[in-house]
Amino acid sequence: PPAGGSAGGSGFGGFGGFGGRAAAAQAVTPIQLDGGDFDAFERLLSDVQYAYSEQDLAKLSRLASAEMVDVFRDDLDQDRERGVVNRVRDVKLLQGDLSEAWREDARDYATVAMRYGLVDVVEDRATGRLVDGDPNRPVEATELWTFVRPRGGAWTLSAIQQAA
């Protein structure tokens, strides 16, 4: 499940380097990103994680693509069926590395390897009893998050992949 929170100061490191996607199709063009883009990615990490933790599908639909919201909805439905809720807090971006950034037609895309810390627990929905995780110990996660925006628009989350 996703995790999120606010981190003071940017955890983004190497902003260079594009993947091989640009060579795959002529309509794909590498793009340059700036500090505002990386701030948006860090903010989305936190906002998505907290919206997921609060089971707020309306907010998630403003932060992520329809496909990602469907994934979140399925995860939340499974938790509900099991009688549990996944809670996250204290999300902090530790490192973010741009994997690639490109333009296809009128949309910009960026894939970022995000290593972040968070407190991630599962609680019984009825009693609040701890089912999994340690409320006093942060864990680390590393995932590849892909963001999309209409040219000149705001970034939203379009995919999450576990890092190998």
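# Notebook: contacts, charges and rings

I began at T111. Leaving aside neighbours within four places in sequence, I found T111 in contact with D97, L98, S99, E100, W102, L144, W145 and T146. Contact here means heavy atoms within 4.5 Å. T111 sits in strand 3. T111 is buried, at a relative accessible area of 7%. I took buried as under 20% relative accessible area, exposed as over 50%, and partly exposed as in between, with a 1.4 Å probe and protein chains only. The T111 side chain also makes a polar contact with the side chain of T146, at 2.8 Å. A polar contact is a pair of N or O atoms within 3.5 Å; within protein, one must be able to donate a hydrogen and the other to accept it, and residues adjacent in sequence count only if both atoms are side-chain atoms.

**Ground rules**

The model is predicted, so local features need pLDDT of at least 70 and side-chain atom pairs count only at pLDDT 80 or more, while totals for chains, interfaces and linings use all residues. Residues are numbered from 1 along each chain as its sequence is written, and side-chain values use heavy atoms, with hydrogens and water left out.

**Overall layout**

I listed the elements next. The protein chain has four helices and six strands. In sequence order the pattern is α-β-α-α-α-β-β-β-β-β. Helices (H or I, at least four residues) and strands (E, at least two) are DSSP runs, numbered from the N terminus.

The protein chain has 164 residues, and 40% of them are buried. I then checked contacts between residues at least 6 apart in sequence: 68% of them join residues at least 24 apart. The accessible surface of the protein chain is about 8500 Å², with 47% belonging to carbon and sulfur atoms. Those areas come from the Shrake-Rupley method with a 1.4 Å probe; for residues, only the protein chains shown count as cover.

**Salt bridges**

How many salt bridges does a search of the whole structure find? I got nine. The rule is a side-chain nitrogen of Lys or Arg within 4 Å of a carboxyl oxygen of Asp or Glu.

I looked at R149 and D108. Their closest N and O atoms are 3.0 Å apart, in a salt bridge. The pair links distant parts of the chain: R149 is in strand 5 (residues 139–150) and D108 in strand 3 (residues 107–124), 41 residues apart. Is D108 buried or exposed? D108 counts as buried, at 1% relative accessibility. R149 is buried as well, at 14%.

E140 and R115 came next. They form a salt bridge with the closest N and O atoms 3.1 Å apart. E140 is in strand 5 and R115 in strand 3, 25 residues apart, so this pair too links distant parts of the chain. E140 counts as exposed, at 52% relative accessibility. R115 counts as partly exposed, at 27%.

I also logged D90 and R89. Their side chains meet in a salt bridge at 2.6 Å, N to O. Both are partly exposed: D90 has a relative accessible area of 46%, and R89 has 38%.

**Helix 2**

Helix 2 covers residues 35–53, which is 19 residues. I compared spans. From first C-alpha to last, helix 2 reaches 27 Å, close to the 27 Å expected at 1.5 Å a residue. The expected span is 1.5 Å times one less than the number of residues. At the start of helix 2, a side-chain oxygen of D34 comes within 2.9 Å of the backbone nitrogen of G36. After helix 2 comes Q55, with a positive phi near 60 degrees.

**Aromatic rings**

I paired rings of Phe, Tyr and Trp (its six-membered ring) if their centres lie within 6.5 Å; planes under 30 degrees apart count as stacked, over 60 as edge-to-face and the rest as tilted. The count is six aromatic pairs.

Why is the pair F41 and W155 edge-to-face? Because the planes stand at 70 degrees, with the ring centres 5.0 Å apart. F41 is in helix 2 and W155 in the loop between strand 5 and strand 6 (156–162), 114 residues apart. Both are buried.

W102 and Y109 have ring centres 5.2 Å apart and planes at 10 degrees, so I logged the pair as stacked. Both of these are buried.

Last, I noted one aromatic cluster, formed by F38, F41, W145, F147 and W155.
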